[in-house]
Amino acid sequence: MRVYVIINPGAGQNRPILAPINDLFVAKDVEWAVDVTNKAGDARRFAEHAVGEGYDVVAVYGGDGMVMEVASGLQGSGVPMAILPGGTANVMSVDLGIPSDLEEAVALILDESHEIASVDIGQVADHGYFVLRIGFGIEAEMVKGADREAKDWLGAVAYAFAAQKALSVPPSLYRITVDGETIEREGVTCLICNSGSVGQGTLRLAPDISVTDGILDVVVLQKAQLTTLGQLAYEVVTGQEPSNEALAHWRGREISVEALPPQSIQLDGEVLDARKLSVSVVPGALRVIVPAGRI
């Protein structure tokens with residue numbers, strides 16, 4: 001087996017990386033190479049290089065932003081991704097049941113019983129791809145408000161604190177088109193979801209949101225339901241099952257969303273400069289190594 005490892009040295013978890021990876025690979029006679037990112041775009045470029053060089057697996061150590069970049073370089077290639085969780089929340093790895101421990105995640109690559117999940121990705125016109133979700137309004141303000149230092153110290157809890165600051169965001173009218181049908185709904189946040197995981201155990205925005213169903217989901221939270229957001233943040237942090245009955249929910253393969261007036265937008269943790277987004281799902285475009293029995 002030949003494995004190409006891409007590492008984000010600025011990932012949220014501060015721990016030795018190369019020695020435990022090397023120990024496990026050498027013990028199994030695995031040929032491996034490594035590259036370290038320095039700037040945005042490096043991870044995608046490294047992934048494309050690995051595909052061209054014929055590597056069997058591309059492993060990514062970092063958070064969800066790194067996973068998104070590597071997925072962009074691997075999508076459609078057939079080369080499987082191995083996720084080595086190293087970020088703050090690691091939502092995709094939680095969604096797919098990948099161990100949070102580095103040694104266990106590396107051992108999963110070597111486990112002959114592992115499975116390969118065919119994971120959907122979202123394609124955004126003029127903005128590339130995403131693996132988790134796009135957020136308008138409050139969720140984008142949460143991403144902007146949860147700074148690096150806060151996330152390093154508090155992890156996912158930082159987002160709950162940022163949510164409190166974001167409650168002053170004024171509502172917008174969302175003009176949503178789902179597979180040709182247009183809906184208008186006022187709200188303070190609109191999410192276009194590939195993954196429904198919130199990165200805390202089995203907790204999900206909605207139970208039927210899946211990264212393997214060939215469908216994207218749209219969720220809107222209205223102004224009158226701001227208490228729901230605060231309650232949801234509390235439930236996530238305290239490990240309770242979220243009470244999400246108040247979230248309006250649609251499903252489709254081609255989606256566009258425009259907020260009037262415009263709101264901040266985040267895509268897998270990166271803030272975008274855009275007013276309207278057109279999104280489509282690319283079913284099964286990414287192959288990811290997951291534990292046996294996960295699919």
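When I say that two residues are in contact, I mean that they have heavy atoms within 4.5 Å of each other. Hi everyone, please keep that in mind while we look at this predicted model.

Let's start with the whole protein. The protein has nine helices and 16 strands. It has 295 residues, and 52% of them count as buried. The accessible surface comes to about 12800 Å², and carbon and sulfur atoms hold 49% of that.

Now let's zoom in on one residue, Phe46. You can find Phe46 in helix α2, which covers residues 42–52. Is Phe46 buried or exposed? Phe46 has a relative accessible area of 9%, and the cut-off for buried is under 20%, so Phe46 is buried.

And what does Phe46 touch, leaving aside its neighbours within four places in sequence? Its contacts are Tyr4, Ile6, Asp35, Val36 and Thr37. Val5 is 41 residues away from Phe46 along the chain, yet their C-alpha atoms are separated by 9.1 Å.

Let's stay with helix α2 and meet its partner, helix α3, which runs over residues 64–74. The two pack at an angle of about 40°, with their axes 7 Å apart, and the crossing is right-handed. On the α2 side, the contact is made by Asp42, Ala43, Arg44, Ala47, Glu48 and Val51. From α3 come Met66, Glu69, Val70, Ser72, Gly73 and Leu74. What kinds of residues are these? Six are nonpolar, two are polar and four are charged.

Note on methods:
Residues numbered from 1 in each chain as written. Predicted model: local features only at pLDDT ≥ 70, side-chain atom pairs only at ≥ 80, totals over all residues. Heavy atoms only, no water. Helix = DSSP H or I, 4+ residues; strand = E, 2+ residues; numbered from the N terminus. Buried < 20%, exposed > 50% of the residue type's maximum accessible area, 1.4 Å probe, protein only. Areas by Shrake-Rupley, 256 points an atom, 1.4 Å probe, with all protein chains shown as cover. Axes fitted to C-alpha atoms, helices over the stretch in contact; angles between N-to-C directions. Left-handed = near helix turned anticlockwise from the far one by under 90°. Nonpolar A, V, L, I, M, F, W, Y, C, P; charged D, E, K, R; others polar.
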